[in-house]
Amino acid sequence: WQRDRLIATVLAAIDASIREPWAAMLARHLGAENDSAGAGVADEERRGRRWAVAAHVADLFRGYASQRPQLVLNWAAGIDDDGAGEPLPEDLMWQPRLWRAVAERAGVPSVPERLQQACERVAGEPDCVDLPQRLSVFGPTRLTVDQLRVLRALGEHRDVHLWLPHPSPALWEALGDHEPVTRRH
């Protein structure tokens with residue numbers, strides 16, 4: 001599921017699936033629906049997009065895994081929804097099918113599938129990771145869902161401190177009327 005390997009795996013899955021009815025939108029985008037001797041220049045240009053499309057789809061799938069892990073877990077379970085129980089729009093229905101084709105070719109579970117088990121182990125067996133009792137994360141401006149899950153699991157038996165930047169004294173003062181957010185697991 002590393003980016004460079006994932007691009008090649010996505011490309012292979014696209015090539016193997018391009019004639020499937022569920023991949024019709026992708027086939028049109030890549031000019032594969034007119035793969036005949038009479039195909040025009042426009043179709044040649046669209047077929048030349050394969051690598052760029054595979055790279056874009058790989059980035060989408062990696063983003064889903066880190067930002068929307070439930071989406072990927074649902075797709076792995078054969079549930080073609082948006083990860084929150086809502087149906088996918090019709091124009092995106094090819095994505096879960098392609099994701100499953102990629103997952104099958106990858107041959108190993110995706111990051112969200114492995115992360116749940118890893119977080120459970122870290123939370124249940126704190127000595128399985130060689131880390132100090134106090135952890136500090138300095139200056140993140142954004143944390144992904146999977147990063148928060150790891151920090152939460154580590155926080156079961158360790159002090160985890162997030163040192164967050166604030167953009168300005170004016171904003172800090174504007175937030176001063178609110179209760180501080182402290183959460184201890």
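## An aromatic cluster

Phe61, Tyr64 and Trp75 form a cluster, linked by ring pairs. The model is predicted. Across the whole structure, a search turns up five aromatic pairs. Two of the pairs are described below: Phe61 with Trp75, and Tyr64 with Trp75.

## Phe61 and Trp75

A pair of aromatic rings is described by two things: the distance of the centres and the angle of the planes. For Phe61 and Trp75, the centres are 6.3 Å apart and the planes stand at 80°. An angle over 60 degrees counts as edge-to-face, so the Phe61–Trp75 pair is edge-to-face.

This pair links distant parts of the chain. Phe61 sits in helix α4, residues 50-67. Trp75 sits in helix α5, residues 69-76.

Phe61 has 3% relative accessibility, so Phe61 counts as buried. Trp75 has 1%, so Trp75 counts as buried too.

## Tyr64 and Trp75

Trp75 also pairs with Tyr64. Here the ring centres are 5.6 Å apart and the planes are at 90°, so this pair is edge-to-face.

Which helices does the pair tie together? Tyr64 lies in helix α4 and Trp75 in helix α5, so the pair joins parts eleven residues apart in sequence. Tyr64 is at 14% relative accessibility, so Tyr64 counts as buried.

Definitions and conventions:
Residues are numbered from 1 along each chain as its sequence is written. This is a predicted model: local features need pLDDT of at least 70, side-chain atom pairs count only at pLDDT 80 or more; totals for chains, interfaces and linings use all residues. Side-chain values use heavy atoms; hydrogens and water are left out. Rings of Phe, Tyr and Trp (its six-membered ring) pair if their centres lie within 6.5 Å; planes under 30 degrees apart count as stacked, over 60 as edge-to-face and the rest as tilted. Helices (H or I, at least four residues) and strands (E, at least two) are DSSP runs, numbered from the N terminus. Buried means under 20% relative accessible area, exposed over 50%, partly exposed in between (1.4 Å probe, protein chains only).
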